[in-house]
Amino acid sequence: MLVLIGSFVVVACVLGGYLLSHGQILALWQPYELMIILGGSVGSFLSANSSKIVKEALRNVLSLFKGATYGKQDYIDLLSLLYDIFGVIRKQGLLGLESHIDDPHSSSIFTAYPRLVKEHHLIEFITDCLRLMVGGDMNPHELEQLLDVELETHHHDAEAPAQAVTKMADALPGFGIVAAVLGIVTTMSQLGGDTSQIGEHIAGALVGTFLGILLCYGFIGPLGAAMEARVNEDGRAFECVKVALLASLRGYNPKISVEFARKTLSPQMRPNFQDFEEHLKGARAGAPA
């Protein structure tokens, strides 16, 4: 929603200031300039990226209009899921998790949180980490190094679409200059003609530079920044899982392990201690005997 509000503010202030200075709005309508700038930037975007990144970029742009991937309730569910997993480890040992991690979609632990089960990458990350704990006989230091590498790889891949959009934004002022130069070339062919037509061609050329800069800093650049911020925000869920698993492997009880994980969340999304404690009590009271 903020993306739409921000874009509206940019348009309103730029065009409003232009109109207040007695500018003619139709003078900014230069279809050939738009075709050069947008067509050139989209073409370079397609040339520079794989089909996977192009599709992911489009998907990520659309997701910006749908709100955050993980809300406060999702983080409560994630912490509750981790608490349930650690409860099984404490009662049955790591081997008690084998049936759950082999098929999480049939697991009574994972299916208790249907919203999280749909998050394929997050569930895969959790189950892969648990498999290492079950069969790897790894100490916390070794597992932490491995998880850091996996998180870095995941973050790099998730950030690639945002970086591609940012690079496309960086190219827009250049294509604006290309459009302006072509406009000047057209103007030069009109020398000796009607001065009013020459003035219109010069104005059209300048609009090309204006549009390239405006699209870069007013729309596409902020879009890339918003996509990158969303990636960083979504990455907190993976960091939360990592901290909780390492705490459990170091021998902390389930409640303390989950508390370590809760501390990694941003203040806006982090459930406070009392609310989460009440949630766990309610979940235990509603669980079948």
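Colleague: Why is glycine 208 called buried?

Modeller: Glycine 208 has a relative accessible area of 0%, and buried means under 20%, with exposed set at over 50% and partly exposed in between, for a 1.4 Å probe and protein chains only, so glycine 208 counts as buried. Please keep in mind that this is a predicted model, in which local features need pLDDT of at least 70 and side-chain atom pairs count only at pLDDT 80 or more, whereas totals for chains, interfaces and linings use all residues. Residues are numbered from 1 along each chain as its sequence is written, and side-chain values use heavy atoms, with hydrogens and water left out.

Colleague: Where does glycine 208 lie, and what separates its C-alpha atom from that of valine 134?

Modeller: Glycine 208 is found in helix H9, a helix here being a DSSP run of H or I of at least four residues, as a strand is a run of E of at least two, both numbered from the N terminus. The C-alpha atoms of glycine 208 and valine 134 are separated by 61 Å, and the two residues are 74 residues apart along the chain.

Colleague: Why does histidine 155 count as partly exposed?

Modeller: Its relative accessibility is 28%, which is neither under the limit for buried nor over the limit for exposed, and therefore histidine 155 counts as partly exposed. Histidine 155 lies in helix H8, and its C-alpha is 35 Å from that of valine 178, a residue 23 places away in sequence. Phenylalanine 65, in the loop between H3 and H4, has 38% and is partly exposed on the same criterion.

Colleague: What makes the aromatic pair of tyrosine 70 and tyrosine 75 tilted?

Modeller: A search of the whole structure finds 3 aromatic pairs. In one of them, tyrosine 70 and tyrosine 75 have ring centres 6.0 Å apart and planes at 50°. Rings of Phe, Tyr and Trp (its six-membered ring) pair if their centres lie within 6.5 Å, and planes under 30 degrees apart count as stacked, over 60 as edge-to-face and the rest as tilted, so this pair is tilted. Tyrosine 252 and phenylalanine 260 also form a tilted pair, with 5.0 Å centre to centre and 55° between the planes. Tyrosine 70 and tyrosine 75 are buried, whereas tyrosine 252 is partly exposed at 40% and phenylalanine 260 is partly exposed at 36%.

Colleague: What makes up the largest nonpolar core?

Modeller: A nonpolar core is a set of buried Ala, Val, Leu, Ile, Met, Phe, Trp, Tyr and Cys residues joined through side-chain atoms within 4.5 Å. The largest one has 43 residues, of which Leu78, Ile85, Leu122 and Ile126 touch the most other members, and its largest share, 11 residues, comes from H4.

Colleague: What lines the largest cavity, and why is such a space called a cavity and not a pocket?

Modeller: On a 1 Å grid over the protein atoms alone, a cavity is a set of points where a 1.4 Å probe fits but cannot get out, whereas a pocket is an open set with protein on both sides within 12 Å along at least five of seven lines, and lining residues have an atom within 4 Å of a point. The largest cavity is lined by Lys255, Val258, Glu259, Phe273, Phe276, Glu277 and Leu280, with H11 giving the most, 4 residues. Its volume is about 40 Å³, a volume being the space filled by probe spheres set on the points, which are joined across faces, edges and corners.

Colleague: Which residues are closest to the centre of the largest pocket?

Modeller: The largest pocket holds about 1200 Å³ of space, and of its 38 lining residues the closest to the centre are Glu56, Asn60, His121, His154 and Ala158. H8 supplies the largest share of that lining, 9 residues.
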